[in-house]
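Subject: Structure handover and notes

Hello,

Please find the structure below. My notes on what was found in it follow.

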Amino acid sequence: MPDFSRRDEREELMDDLNLSGDALAQNLEELEVINKRLGGNGVVLDALGKMLGKRGEAVEIVDLGTGGGDLPRAIVDWARKKDLPLRVIGVDANPFMIEFSRNKARDYPEIAFETADIFSPEFQNRTFDIALCSLFCHHFSDPALAHLFQQMAAQSRLGFIINDLHRNRLAWWGIRFLTWLFRGSYLVRHDGPLSVLRAFKRQDLEAILQTAGLNNYELKWKWAFRWQLIVRK
């Protein structure tokens, strides 16, 4: 049985920025299905509703570690129904993922995708209205996350949103069962359970926020085993 008392430090296969090809494309499709069925995108949309309220002016949102780009598409679908003007920029360091995302978003002129290192000086000099990280933060160590949180706070006019996993035995067993049941790719079978082990308990996120010097936040548990973190400016 794994140790759930602390975050696992092993890297996921998806951390390889040179990863590409049919197996990765299959994995990105699988992750999109998992996000839809387990409500991952809904966690972000709920947070956006809280942050934007009845705001009428257009906003620019950046999705860091966008992966297959399903979240930007979900955001635009949600905004279109509410007649909210916005622009979404999906950013990832893996060029294959960006090309995959562009192909999936051909009918979404509100979305742009970029290959970029989010820690580069060039990117850190840019600003946005809202920054997002969805299932991205667990890929980083606690010190790196404290730096990322400070960076997101500095780059966002309104604040930032985090959607990530709860490190929990039931979540670990659940993802193992789901990836076995649906005969997922080797990537999702390996990375799915490991991502839960790399994820967070409440005290982990609170400690990272304290290190980053961020106090104006709202941290809530959401189904299925997700954390919704809203940090306001």
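Is Phe119 buried, partly exposed or exposed? Phe119 is partly exposed, because its relative accessible area is 29%. Here buried means under 20% relative accessible area, exposed means over 50%, and partly exposed lies in between (1.4 Å probe, protein chains only).

Before the rest, some notes on how to read this. The model is predicted, so local features need pLDDT of at least 70 and side-chain atom pairs count only at pLDDT 80 or more, while totals for chains, interfaces and linings use all residues. Residues are numbered from 1 along each chain as its sequence is written, and side-chain values use heavy atoms, with hydrogens and water left out.

The sheet

Helices (H or I, at least four residues) and strands (E, at least two) are DSSP runs, numbered from the N terminus. Two strands pair if DSSP finds at least two bridges between them. Seven strands make up an open sheet with mixed pairing, in the order β3-β2-β1-β4-β5-β7-β6. β3 and β6 (217-222) are at the edges, and each has a single partner strand, so one side of each has no neighbour in the sheet. On average, neighbouring strands of this sheet are turned by 15° against each other, direction ignored. For this angle, axes are lines fitted to C-alpha atoms (for helices over the stretch in contact), and angles run from 0 to 180 degrees between N-to-C directions.

Within the sheet, β5 (residues 156-165) and β7 (residues 226-232) run antiparallel and are joined by seven bridges. Asp164 stands opposite Trp227 in β7.

Aromatic rings

A pair of aromatic rings is described by the distance of the centres and the angle of the planes. Rings of Phe, Tyr and Trp (its six-membered ring) pair if their centres lie within 6.5 Å; planes under 30 degrees apart count as stacked, over 60 as edge-to-face and the rest as tilted. By this rule there are nine aromatic pairs.

One of them is Phe119 with Phe140, which is edge-to-face, with 5.7 Å from centre to centre and 80° between the planes. This pair links distant parts of the chain, 21 residues apart: Phe119 is in the loop between β3 (111-115) and α5 (121-124), and Phe140 is in the loop between β4 (128-134) and α6 (142-155). Phe140 counts as buried because its relative accessibility is 17%.

Phe123 and Phe128 form a tilted pair, at 5.9 Å centre to centre and 35° between the planes. Phe123 is buried at 3% relative accessibility, and Phe128 is buried at 6%. Elsewhere, Phe4, Trp172 and Trp173 form one aromatic cluster.

Salt bridges

A salt bridge is a side-chain nitrogen of Lys or Arg within 4 Å of a carboxyl oxygen of Asp or Glu. How many does a search of the whole structure find? The search finds 17 salt bridges.

Among them is the one between Arg6 and Asp3, at 3.6 Å from N to O. Arg6 counts as exposed at 53% relative accessibility, whereas Asp3 is partly exposed at 42%.

Asp142 forms a salt bridge with Arg7, and their closest N and O atoms are 2.7 Å apart. Asp142 is in helix α6 and Arg7 is in the segment before α1 (22-37), so this pair links distant parts of the chain, 135 residues apart. Asp142 is partly exposed at 33%, and Arg7 is buried at 12%.

Glu29 and Lys104 also form a salt bridge, with 3.2 Å between the closest N and O atoms. Glu29 lies in helix α1 and Lys104 in helix α4 (residues 95-104), which are distant parts of the chain, with the two residues 75 apart. Both count as partly exposed: Glu29 at 34% and Lys104 at 30%.

There is also a network of salt bridges that links Asp46, Lys50, Glu218, Lys220 and Lys222.

A surface patch and a buried residue

Phe177, Trp180 and Leu181 form a nonpolar patch on the surface, together with about 330 Å² of accessible area. Patches are made of residues with over 30% relative accessible area and no salt bridge, where like charges are joined within 9 Å and nonpolar side chains (Val, Leu, Ile, Met, Phe, Trp, Tyr) within 5 Å. Accessible areas come from the Shrake-Rupley method with a 1.4 Å probe, and for residues only the protein chains shown count as cover. Trp180 is in helix α7 (residues 169-181).

Asn27, in helix α1, is buried at 2% relative accessibility.

Regards
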